[in-house]
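Here are some notes for a colleague opening this structure for the first time. Please read them with the model on screen.

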Amino acid sequence: MRAWVFPGQGSQHPGMGEGLLDRFPAECATAERIIGVPPARLCRDARGEYLGRTRYVQPAVFLVSVLAARAALADGRPPPEVVAGHSLGEYAALHLAGCLDFDSALSLVVRRGRLMESVTGGGMVAVLGLPLSRVTELLAEIPDVDLANHNLPDQFVLAGSTAGVRTVVDAVRRLGTGRCVPLAVSVPAHSRFMAGAAEAFAVALRDVAPAPPSIPVVSNVTGLPHVPGEIPGTLLRHFVEPVRWWDTMCLLARSGVTEPVEVGPGEVLTKMWRRAAGSLPAPAPGGPLAVAAPVPPPAPVPPPMAAPVARGHDPGLPPAAASRPRPAGSSGLRADYGIRYACLAGSSPFGVTSPAFLRRLSEAGQLGFFGAQGLAPAEIRAALAELRDVRRYGMAWPSGGDERALCDLYLAHDVRHVEVTGPLAVVSPQLVRFRHGDGPRQVMVRAPDLATAVRFLRPADPATVRALAAAGHLDSASAGAAAREAVATDVAVERDAHALVPVLVALRDREAPGTRIGVAGVGTPAAVAAAFALGADFVVTTTVNQCTAEAATSDAAKDLLAALDVTDIREAPDPDLFELGARSPVAHRGTLFAARAEELYRMFLRYDRLADVGPRRLAELERTHFGRPLDEVRADLGVAGRDDRHVLASVCAAYCREATTAALRGTAGQRLNYRVPASTDVGAFNRLVAAEPLADWRARHAELVTERLLREAN
């Protein structure tokens, strides 16, 4: 049986509806009249004026869902035999089934969104990992909280007073099993607290007389098909009663639906179905929906105008829409990360890609990763607290240390995306747990070489999966996914893209078809275009992110970065892998760090201990490199009693670390020692904008970098 399902609020993202709005000008004109905002501006929402507000989100999602359904029918997709929608999505389902005409349905959705936004003083929290029986016990103990959504056997949303939501979080924490994710909403939807809004909505429903559905429409309130004549009353109950999506999925499964088609922005419902697949009931003989008599499909939509099809154009689009280029890169990546462009802003360590940097990107429909590498747990927690109201962001995954505590922290804050970097990055058990436990989540790997990329293009080690399952971190469905799917959802190569991207694309197509391949370190539109021409699905900005107004590094370091050309980069000893001879690119112009660090590495190779270097040379190092006695350096390192060779290496590496700190802080008198990680991308970008306002880093805001790089490719 063919089923179409429509998503609800939360599936929206800037740029949704691309290719649809121009295709249906009459509907868009009607929508502008009813909503009061042009649909193109509403759905593009580059500045976050609309898609963060319930009163605009609901009509925008409804419009995109309806137009996507009309486009699918016009393009020849077989019509559905049953429809359903999650919360708001039910209105799109009712429209498609002929119950509500476009004007009436959209007017109701606009009224619904405004009424729901007007209810304040409450909140919602997702409860994960607990069975319905335990959630029911919690609700019996907490009088001012209701069940709002039952999505999966172990996934619920509760709504209630602010104090009640806090009590839920505390109660689940005391249980020691399951976890809570407070939602960034102030509306206690689908609960008794919406009774006042429901009374006001009843006025809007008086003038609506829904027609009998032409195909079954499953109700959120009952988990059963709508009954003709009772639709207005059921929609009114929808305000104060929970969304029974689990019951809806079970009904579809018993009716023979193997996987519904999600119509509208995002893939929330598709992913939910796939996660639930192992628990859904088997088809029943005849199926509970088989009693419905065959009915004609919804009113036909005129087919698109016939026209010659140009190479690379979608034959289903009218000429006006087909002549516009599609957004470059992977649409799946844009949907998974909720972003406008197939471009991510990579992290820079020590919090340089800061909460302010991520907030600015999020408000523009973009996403970056917080630079958690090198920070203490308390600093990471503080950053997460600062990010709690930021809609879209990711976190770097610092390798080593207490990864279990890190994973717990990220899960507790409902972090959905992490970035893994470095040549020594490994597939740790906790990273697998993050990727698949109550997932899926996105894991983006910036790979410096082929070996690192291949490591993450494979599934997790079976022993790791079994151990996580035995510890209760993975359920059977998640464990199965971990055993089949690549650890990384996205892999971006940082070097030799011209050689590695085609190799990885071929490997991906053969062994990890769900993983996307990208290029990290782009600094010009030409570099972006070249990456996509090679077959890349996305691009990542790196060093150029440090030279933005919101980056949490010193003005002195930004001045240095903004003056670099493509030839002003040099490989220098890396502080974390000094003894191994590893190198990383740094700024060479305006600082002596590269030369001085190289001098220390040669000294490390030549001598076995500091005493062999000689007093005159040691005194010179104290003056030029450290600016203080070496005895103080050794004392700070705590290397007393260690092997002489280890002490020598530790002191040399300490210079590299102190040079990094000096650059971050803009330490006066240490400019010549600044260690500023850099690559040719920032030099290329500087050349690109040399005659533009963005030449001044103070005008170089986070989102403008991506706009400058990607707008010519979209």
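1. A definition comes first. Two strands pair if DSSP finds at least two bridges between them. Strand 11 (residues 394–396) and strand 12 meet that condition, pairing in the parallel sense over two bridges. Keep in mind that this is a predicted model.

2. Stay with strand 12, residues 417–421. Four of its five residues are buried, which leaves the strand mostly covered. Met 395 has Val 418 as its bridge partner in strand 12. The link from strand 11 to strand 12 runs through helix 16 (residues 403–412), and this β-α-β crossover is right-handed.

3. Strand 12 also pairs with strand 13 (residues 442–447). Here too the sense is parallel, and the pairing has five bridges. Which residue of strand 13 is the bridge partner of Val 418? The partner is Val 443.

4. Next, the largest nonpolar core. This core has 84 residues. Those that touch the most other members are Ile 380, Met 395, Trp 397, Tyr 410 and Phe 434. Helix 21 contributes the most, with six residues. A separate core holds 68 residues, among them Met 16, Val 57, Leu 115 and Leu 205. In soluble globular proteins, nonpolar side chains tend to be buried together.

5. Which residues is Tyr 410 in contact with, leaving aside its neighbours within four places in sequence? The list includes Ile 380, Met 395, Trp 397 and Phe 434. Val 415 and Val 418 are on the list as well.

6. Now move along the chain to strand 15, residues 516–520. Are its residues buried or exposed? Five of its five residues are buried. Arg 516, Gly 518 and Ala 520 point one way from the strand. Ile 517 and Val 519 point the other way. Both sets are buried, the charged Arg 516 included.

7. Strand 15 has a parallel partner in strand 14, with four bridges between them. Val 493 has Val 519 of strand 15 as its bridge partner. Strand 14, helix 21 and strand 15 together form a right-handed β-α-β unit.

8. Strand 16 (residues 538–541) also pairs with strand 15, in the parallel sense over three bridges. Gly 518 stands opposite Phe 538 of strand 16. The chain goes from strand 15 through helix 22 (residues 525–533) to strand 16, in a right-handed β-α-β crossover.

9. Helix 22 also meets helix 29 (residues 702–710). Their axes come within 7 Å and cross at roughly 65°. From helix 22 come Pro 525, Val 528 and Phe 532. From helix 29 come Arg 708, Leu 709 and Leu 710. Five of the residues of this contact are nonpolar, none is polar and one is charged.

10. Two backbone details are worth checking. Ser 87 is not a glycine, yet its phi is positive, near 55°. Ser 87 sits in the loop between strand 2 (82–85) and helix 4 (89–96). Ser 87 counts as buried because its relative accessible area is 11%, and the cut-off is under 20%.

11. Asp 496 is the other detail. Its phi is about 50°, again positive in a residue that is not a glycine. Asp 496 lies in the loop between strand 14 (490–493) and helix 21 (497–511).

How values were computed:
Residues are numbered from 1 along each chain as its sequence is written. This is a predicted model: local features need pLDDT of at least 70, side-chain atom pairs count only at pLDDT 80 or more; totals for chains, interfaces and linings use all residues. Side-chain values use heavy atoms; hydrogens and water are left out. Buried means under 20% relative accessible area, exposed over 50%, partly exposed in between (1.4 Å probe, protein chains only). A nonpolar core is a set of buried Ala, Val, Leu, Ile, Met, Phe, Trp, Tyr and Cys residues joined through side-chain atoms within 4.5 Å. Contact means heavy atoms within 4.5 Å. A crossover is right-handed if, with the strands pointing away from the viewer, the path from the first strand over the helix to the second runs clockwise. Axes are lines fitted to C-alpha atoms, for helices over the stretch in contact, and angles run from 0 to 180 degrees between N-to-C directions.
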